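Here is a briefing on the model shown below. It covers confidence, one annotated span and one chain-to-chain contact.

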There are 4 protein chains.
Amino acid sequence: MEPLNIAVVGLGRMGKRHVHTLLYRVPRARVVAVCTTDSNEIQWAKNNEEYEEFGIKVYDNYDDMLAHPGLQAVWISTSTDVHASQSLAAISKGIHTLCEKPLSTDIAEAQSVVDAANQNPSVKVMAGFSRRFDASYRDAGDKVFQQQSIGVPFMVRSNTCDLRDETGFFVRYAARNGGIFVDCAIHDIDLSLWYLNNPVPKACWAAGTLQHHPELKDLSDVDNAVGVVEFWGGKIAYFYCSRTQAHGHDVCTEITGTNGKLMVNVIPTQNNVVLADELGMRHEVQPEYWQRFEDAFALEANEFVEAIVKNKELPLKLETGITVMKIGQALQQALLTGEVTRFDEKGERLD
Amino acid sequence: MEPLNIAVVGLGRMGKRHVHTLLYRVPRARVVAVCTTDSNEIQWAKNNEEYEEFGIKVYDNYDDMLAHPGLQAVWISTSTDVHASQSLAAISKGIHTLCEKPLSTDIAEAQSVVDAANQNPSVKVMAGFSRRFDASYRDAGDKVFQQQSIGVPFMVRSNTCDLRDETGFFVRYAARNGGIFVDCAIHDIDLSLWYLNNPVPKACWAAGTLQHHPELKDLSDVDNAVGVVEFWGGKIAYFYCSRTQAHGHDVCTEITGTNGKLMVNVIPTQNNVVLADELGMRHEVQPEYWQRFEDAFALEANEFVEAIVKNKELPLKLETGITVMKIGQALQQALLTGEVTRFDEKGERLD
Amino acid sequence: MEPLNIAVVGLGRMGKRHVHTLLYRVPRARVVAVCTTDSNEIQWAKNNEEYEEFGIKVYDNYDDMLAHPGLQAVWISTSTDVHASQSLAAISKGIHTLCEKPLSTDIAEAQSVVDAANQNPSVKVMAGFSRRFDASYRDAGDKVFQQQSIGVPFMVRSNTCDLRDETGFFVRYAARNGGIFVDCAIHDIDLSLWYLNNPVPKACWAAGTLQHHPELKDLSDVDNAVGVVEFWGGKIAYFYCSRTQAHGHDVCTEITGTNGKLMVNVIPTQNNVVLADELGMRHEVQPEYWQRFEDAFALEANEFVEAIVKNKELPLKLETGITVMKIGQALQQALLTGEVTRFDEKGERLD
Amino acid sequence: MEPLNIAVVGLGRMGKRHVHTLLYRVPRARVVAVCTTDSNEIQWAKNNEEYEEFGIKVYDNYDDMLAHPGLQAVWISTSTDVHASQSLAAISKGIHTLCEKPLSTDIAEAQSVVDAANQNPSVKVMAGFSRRFDASYRDAGDKVFQQQSIGVPFMVRSNTCDLRDETGFFVRYAARNGGIFVDCAIHDIDLSLWYLNNPVPKACWAAGTLQHHPELKDLSDVDNAVGVVEFWGGKIAYFYCSRTQAHGHDVCTEITGTNGKLMVNVIPTQNNVVLADELGMRHEVQPEYWQRFEDAFALEANEFVEAIVKNKELPLKLETGITVMKIGQALQQALLTGEVTRFDEKGERLD
């Protein structure tokens, strides 16, 4: 059986990691091309011995890359503003598409990708909600739905708290990411929909603050925020997102049910090492979501590739992302206005 | 030096414990009397060998008890609706008063106790915010204010989650407790004021659900609720209160600052024992706040008694409780109305 | 009921704490006297306001103190070399005696105290194996024997690792303590006898090293040592004792049975606070056994006093200490000789 | 660059996993063949769709497999008794060899492999001490040697405790594994040599017991054992090995130095999930060393393959295994005889 010919678009921090994942963890895929418009990244890729070793061609133009002979799939890891257009271009050429979340910060545009996917059922299109592939979150899902370890879940608390970034990378990237609840809380919102069994939002409120990045004020954004989502049917989710943690990437989720509670990663760790010295006992914390979710990305890529080469169903529905985005934007609006944003019983915004 | 003659009013679950604390942990106090109007409790106390051994007189009338020869202080541990009147009666007789929180669910009434205390400066009057005396919370306070371990604190998360009560005790008691945010979150609100250095509330919102106690609906209350308080100056606190935990009394607090985070009791434990067996590794959780805060109650009682016998300042200001109550009631109103409750920059409610 | 008149002998670090425990935690006892031959300690005690407040008389002569009017009990907290003689003197006067472990480093002398106690059944005599009164160790005991949570226990690992002492206190004290396995591991040996249900020793071996206190070489002692005890019947205990930990007082015990394992204090903590900052996540560790076992000492004192005033059986048998000492000395001999020390099936040393 | 053609010998539990690792985690290797003499395993492999998909040829004869066209390397994962002969056969044909530990239970035979490797410097020969490739153990190594976080290490405690095996697999396998200290503690011994910086053994003692597998008595083995190794120069290591844990695969290591302690995996976990319910809070434990060390095997395989294809030095010296084996056998002898086994200052056994 021949491996799947795949290309990675975007060679930022995550694009490079996706190439690595495909090379080292996904035997049924062969990375044939990468593409970036950033001249530094082009240079870096052209000088990369490993890329040469594995025969990866470097493109500086997305359309050219789509025309790479024998290309069967793309992994889109560019900035959010081109996710939708690049997905649509790939789909229209019959190229299977794994697109980083979110499909777009504009819901209509995101919906256009969903529509295109529905119209091309032979093309596999998936949005990269990587936490859905994490072993611990899957175990929590099994415990909730198969083992019913906690009765009926009714409350989710979920955090995405990034290590403080002093390099300026995050702030440069912030202008195009849709705001803290759209960019940072999107996985937490997705997890709450999963564990609460696809509830319909009823009302949201949020509060935020600027602690390290006053320059975000011009973008109408904050660097730390808390948001609450009330769902129809007595379910609740609440989130804390932060860009300014001192200790590492701190991502945890708690799911409370009628008979118990599941805690995922409430005490984050770098590895299994604890150091005992004059300061007491301490462990290091993973610096980025990559260290926390590296295995999840590998599983995601393998399941995406297998769905194609073995013509199986994709593990995630593309539509889920639309609801996630609606909630993210409602929280962001609540943050900016200080008012409650409300939805009707079908989940349509009431304004 | 003669010990302080003190009486405990109310012989419910906590009243009995306060007697125990005074007998076993407070050498400068002598429990001379207890008082309750509940006939079962009167009977229980009259048959109690330990009370007989230590010479504790049992009263069924509060005024009679206040007239006990040589009585110098009372610890009021009755239901909230009589806290204020009992405190006022004691203060008017020059009897030092330690009153369980809250002074009242009615702010004007609570203020009347504060006023009476201010008018009788020789009488020591304190409200029992017991967590202020907990070794871990005090250590967190030292780390925040003395050691400045986390920079400037700007965010507090605090939970008070009770073990599910199948006995009906909690529901009977619920009718008079002022609602989940007033009864259950009051310590969390107090902690947020402490660690955020007495911030002024700006806006609150809350969402709740009924999972185990549908009978609370008639009381306009819920059994699980999440609330967010935004303070003026970019500070935020958020709370989760629950009456329905399966695993124990789960009370934790996190304080996030510009340079770090403090976590208090994020993994609650009964003791130092872990059992490893076919189910993995597990530890038990304290069933009630008594096990979590028994030492804090002892320190509270000792510091209250010492303030009297050595004529020192009380460790807590009575006024703090008024702000705590205002926020609790605002959260409770947000819970019931679904609307944001707002305050002006002086902390006065805008309605 | 009148409280028990008790005196504390020895006002070193622990003697002072025992006075505190009796004053603050043991309502049925009244500290009427203390005794020390150390002039600094005498001065300190005479200037102590609390001792004056509670009416504690300071003696510099043990016999004078034994003659204190109305004295009913003593708590002996002197150096090990006078434990036995002071106990015998008290017993001979009919004074109830709580003696710090060990009764003596000489087994014959220790046995003489056991014999005296047996000949004076109306006098309560107990050796202070304080860990037997610790809530976690008792819970472990319940789980082993009542709940049978781990099947049949066959293996105990137990550590007593002290924080490094730079003050010289420990080294001064080392000359009279009988060696690291007699002084430091004695509680661990006692715990192994408890949880393994009074097994009979068969063979011991030990290895040690000097890392911080080369001056111990002259005392034929070490500052870190590992020892193994094989018992008849296929049971094993092994111990690590250290005088040189950087992080605190690290005392843990694991009990392995045929169906599970109990872990007591495997991750030691100072309190419930965790600090997350640039170094990761850390907690402090209790600096001394006092912080770890303060509550155990209070329970020990209360149970000792209750056994007297209510004429109940003592919670611990005095004889247990003899076997503990035999094993401690056998390990110490193995440490010095490098040879295995062996016992016959009755637990008598084979040399 | 063409990938390395490699074969896996032995298709037991671990052999199958090694094939998986090579397929999914090692892009520079291509599994061209597997070999087993077990008829069930042959059948299983011939029916394996994945093996067919990836073009893996199944051999039932080792010599035939060595003659597979283009074969460049083998991963020997058979039972210990044929490790040495299969390694020698591969080396003599110039085929790079990764051999599971130990090379042999007979030291002379193990030495013959070392000698053969030394005589064929162009052939890469490595013994699979997989823990040396584990991220946490490597981090501990960095902290010990690069960061010097704990001063000078002088004490290692290390456990290898297996989940109880009710299938009979372990007992069948026990006859050929050299005994509990040779089979089970070999990695712990290796770790102690690493962290104590290649110390020379001086004396060993051990004690063991039979709790679940009385049938091991005929093999002169036990199912739980404790061993102590004293090294020249005041360093000590001690080990606990068990075949009978109820809760999972419990492998931990502690390294104590003059200024601190490192703890590796002292609280083992299956993943990041904690379940809070009526039993308290619990987490599952990894059932086998595979789950604990899966990533380490992937790194080991990648570093072995890279050393070949990029002609770099192997990450581990083959000779280390000889010292490990000497200590394992000395502990095993101490276990059987009850006597101390001793070594001279060059590490030669004194008998």
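Helices and strands here are DSSP runs, helices of at least four residues and strands of at least two. The model is predicted. The predictor gives the complex an ipTM of 0.96 and a pTM of 0.96.

**Confidence in chain A**
- Chain A has a mean pLDDT of 96.
- In chain A, 100% of the residues reach 70 or more.

**Annotated span in chain A**
- An unreviewed UniProt entry annotates residues 4–128 of chain A as "domain: Gfo/Idh/MocA-like oxidoreductase N-terminal".
- That span, residues 4–128, is 43% helix and 23% strand.
- Its end C-alpha atoms lie 18 Å apart.

**Extent of the contact between chain B and chain D**
- Chain B and chain D each bring 16 residues to the contact.
- About 1300 Å² is buried between chain B and chain D, and carbon and sulfur atoms give 65% of that area.
- On the chain B side, H247(B), L279(B) and M281(B) lose the most area to chain D. Together they account for 44% of what that side buries.

- Two salt bridges cross the interface.
- E278(B) forms a salt bridge with R164(D), with the closest N and O atoms 3.9 Å apart.

**Make-up of the chain B side**
- β13 (273–277) and β14 (280–283) of chain B are the elements that give two or more residues to the side touching chain D.
- β14(B) supplies the largest share, four residues.
- The residues of this side divide into seven nonpolar, three polar and six charged.

Terms used: Residues are numbered from 1 along each chain as its sequence is written. Chains are lettered from A and ligands numbered from 1 in the order in which they are written. This is a predicted model: local features need pLDDT of at least 70, side-chain atom pairs count only at pLDDT 80 or more; totals for chains, interfaces and linings use all residues. Side-chain values use heavy atoms; hydrogens and water are left out. UniProt positions are given in the numbering used here, feature names are shortened, and annotations may be inferred rather than shown by experiment. pLDDT is the predictor's confidence in each residue, from 0 to 100. Contact means heavy atoms within 4.5 Å. Buried area is the accessible area (1.4 Å probe) that two parts lose on being put together, summed over both. A salt bridge is a side-chain nitrogen of Lys or Arg within 4 Å of a carboxyl oxygen of Asp or Glu. Ala, Val, Leu, Ile, Met, Phe, Trp, Tyr, Cys and Pro count as nonpolar, Asp, Glu, Lys and Arg as charged, and the others, Gly among them, as polar.
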